[in-house]
Structure formats: structure tokens, C-alpha cells
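Please examine the sequence and the structure shown below. The paragraphs that follow lead through the cavity, the sheet and the nonpolar cores.

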Amino acid sequence: MAPIPTTDNKRVIMNKLILLAPFILLLSCSGGKNAKTDNKAEITGKYSITEMAFGMLEEKAITEYTITNPSGMQVSIINYGGTVTKLITPDKNKNMGDVILGFDSLGGYLQKNDPYFGSLVGRYANRIANAKFNVKGKTFPLAANDHGNSLHGGNKGYDKVVWSAAKLPGDSSLELTYLSKDGEEGYPGNLNVKVVYTLTGDNGIKIDYSATTDKTTPVNLTSHCYFNLSAGADSTILDHQLEIAADKYTPVNDVLIPTGEIATTKGTPMDFTTPKAIGRDILQVKGGFDHNWVLNKNGNSLEKVAGLYEPNSGRYMEVLTTEPGLQFYSGNFLDGTLTGTKNGQKYVQHGALCLEAQHYPDSPNEPSFPNTLLKPGETYRQTTEYRFSVK
Ligand code: GLA
């Protein structure tokens, strides 16, 4: 226990404090030489990419690359799973906050129950029914890792592999490449995959995907960021307002496999054609939202397909994509039990949401859905952008 100060040594302490006061004041004002005392953006006026060691896996160095744009927005990406680990954007008072869920260290991302936080997903995002598909009369069995179906590329999808990373000239883009070998997770053909993350001048994170193959194979790549635009202030996204430009969606069975039907959203809880709080109708949807919206857009042009607004922070996120579908998943399987999370936060059910631009789930088994087969000689190309502003 600390000794109780007597009147005499109280005076000594006071004298010492008076002597030290200017230094204490100086330190608290400057916050040390380089420390920032607020969470306002550092306006750098230029792009930069910094690198930080993030651990080792399979004898390969895992690095976290942080891209900063001239107005101070930042995105961090690791070469494990091509995972976005941080996305730091301003709120309406110009305070910066991280709007995606994730872990504090590589160990968190290596946990068996990591729910694909921030990952790249492939070779086929979402589900393939009964874990198999046919190409030219031949059946290809896949890992049945989700109620007898195959989810997110199988046991070791692109979210769990180490990508090669290269900073591109201009300091605003990071290129990730991965060779997915013929037969990997049951898929035919050597698939050369390239993903370029670019942080744009208007606070967008743009993801350009491309791939080529030497055998016909289904390909469906996406990004699996979990957004909560309150940046940790609100534990759920139920008050976020969402708008999706889709008059139709693909209904699913009990294990989230599309029935093949294309149904109207009009007059149903699935209608997000005008902005609506996510919590408004969620209880009417068994299990919460976890469906593919059939986007109204035509063809494969890059168009705005969704908007997400968080009223307290004023943050607004637009989703633009070349894809025909958008999987809106309301974080239904989060249950507050994950450990190693950023700042020890509890990620409760509906603690974040995913807006995964992609082709429709189970397309390889649904001939009426847009084609997902890539043939030798063709190049798969898709672009999705998440653009941030305030209102
Ligand atoms: C996707 C799926 C969900 C769930 C998550 C990962 O969004 O649609 O059903 O599997 O990934 O937990």
C-alpha cells in the first residue's frame, strides 16, 4: 500500500509538481513527438502505401499494406486471404473511424470460425448445391462444408491462401495474384487470379478482379467485408438505412440454396428499392437477410446498385458493381463469441452486414441464371467499388 502523505511530504510533492508543471503541460499538449491527440484525418495531399509485418504462415511473410489517399482515408490489406483488415473513413464531424469488423492479429484471421472477415472469396463465392456441378457431362465433386453444400470455395478457399502482393506505381493500388491449381478444392483448371485494390481520390475502395483458366470452370469472386458504418459506436446495423436497386431476388430453401425462382421484392420485406432501416422488417425474414438481390442494372457496366446510410455518424456508402447480383447478409451468424477481435469488441448478431457483389449462388446448377463458366481463352473481369461520403 502507498504510504499516507503527511503535511510535510505533501508540501514536498506539491513543490515537485509545480516544478514539473510546464513539462506535464507540454507533453499533454503535444502528445509526444509524433502522436496525434485527436482522430481527425491527416491530410497528406498525396497517396502512400506503407508496409507492416503481420506474421508468418507456411514460411511466407504476411504483410499488412496500408494505402492512404490525399484526404487521409485509409485501407489496410494483408496478403493472407487478400483480406481487408481496416477501412478508415471520416464521419460528418471529420472524425476518422474503422468501418469494418476484423481481428487484432493474424491469429484471429487463422481461427477456424473466422466468418470470412474482409476476405476475398473464391473460386466460387456463396453456395453450390449438393457440393457438385457438371461441366460437359462430367461431375465435379466439391467439399461439402455447409449442410451438404459447398460454401465460399470449399475448405481452403481463396480467403485462406497466401497471395503474392505488389504495390503498383502511383501508390494507390495493391495488386494481389494467386494461381489456383487444377483440381484445387475440386475445381477444374489452373486459374490465374488477379485482384487489384485501389483507393480512389473520392474515398472509394475499388476492387478489380480478373482471371484466366486452361479448363472450363465456374468462377465467382467477391469481397466479404463486414460493414458497420458507426465505426464501433453502435453494436448492430439495425438502424442503418439500406437501399438496393433490385425489383427481384432469388428465394432460397432452408439451407440457403436458391429455389431457382426469381421473385419480386415488391410488397415484401425484401423490398429495399427505397431506403429502409434494416431492423424494420428483419424479423419477418426467417434467420435474417441472407439473399441474393437480382440487380436492375443492364449488362456488365459499372453502376451504383446500393446505398447504405448510418444516421448518427452521417456516413454513407455507395456500392457500384459490374456484377448482376448482390448478396446482402445481415450478420445473422455473428453471436458475440469471437475472440481476438479489434479492441476486444463483441461482434453480436447483426453487428455488421455484408454487401457481396457477385453472380447468383448455385449458378452452375441453375441454367436459367447468368452464366458463371469461364472457358480457356476468355478473361473473367469484374469491378466493385465501395465509395464513402457523409450527409
Ligand atoms: C455469406 C453467406 C452467409 C454466411 C456468410 C459467412 O454471406 O451468404 O450465409 O455463410 O457468408 O458466414
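**Cavity, sheet and cores**

The largest cavity holds about 30 Å³ of space. A cavity is a set of points on a 1 Å grid over the protein atoms alone where a 1.4 Å probe fits but cannot get out, and lining residues have an atom within 4 Å of a point; a volume is the space filled by probe spheres set on the points, which are joined across faces, edges and corners. Lining the largest cavity are Gly122, Arg123, Gly153, Tyr158, Ser180, Glu184, Glu185 and Tyr187.

This is a predicted model, in which local features need pLDDT of at least 70 and side-chain atom pairs count only at pLDDT 80 or more, while totals for chains, interfaces and linings use all residues. Residues are numbered from 1 along each chain as its sequence is written, and side-chain values use heavy atoms, leaving out hydrogens and water.

An open sheet contains 9 strands in the order S11-S12-S13-S14-S27-S23-S22-S17-S20, with antiparallel pairing. Strands are DSSP runs (E, at least two residues), numbered from the N terminus, and two of them pair if DSSP finds at least two bridges between them. Strands S11 (164-167) and S20 (276-277) stand at the edges with a single partner strand each, so one side of each has no neighbour in the sheet.

The largest nonpolar core has 59 residues, of which Phe328 and Phe388 touch the most other members. Such a core is a set of buried Ala, Val, Leu, Ile, Met, Phe, Trp, Tyr and Cys residues joined through side-chain atoms within 4.5 Å, where buried means under 20% relative accessible area with a 1.4 Å probe, protein chains only. Strand S13 (residues 191-199) supplies the largest share of this core, 5 residues.

Methods
Buried < 20%, exposed > 50% of the residue type's maximum accessible area, 1.4 Å probe, protein only. Helix = DSSP H or I, 4+ residues; strand = E, 2+ residues; numbered from the N terminus. 1 Å grid on protein atoms, 1.4 Å probe; cavity = no way out; pocket = protein on both sides within 12 Å on 5 of 7 lines; lining within 4 Å.
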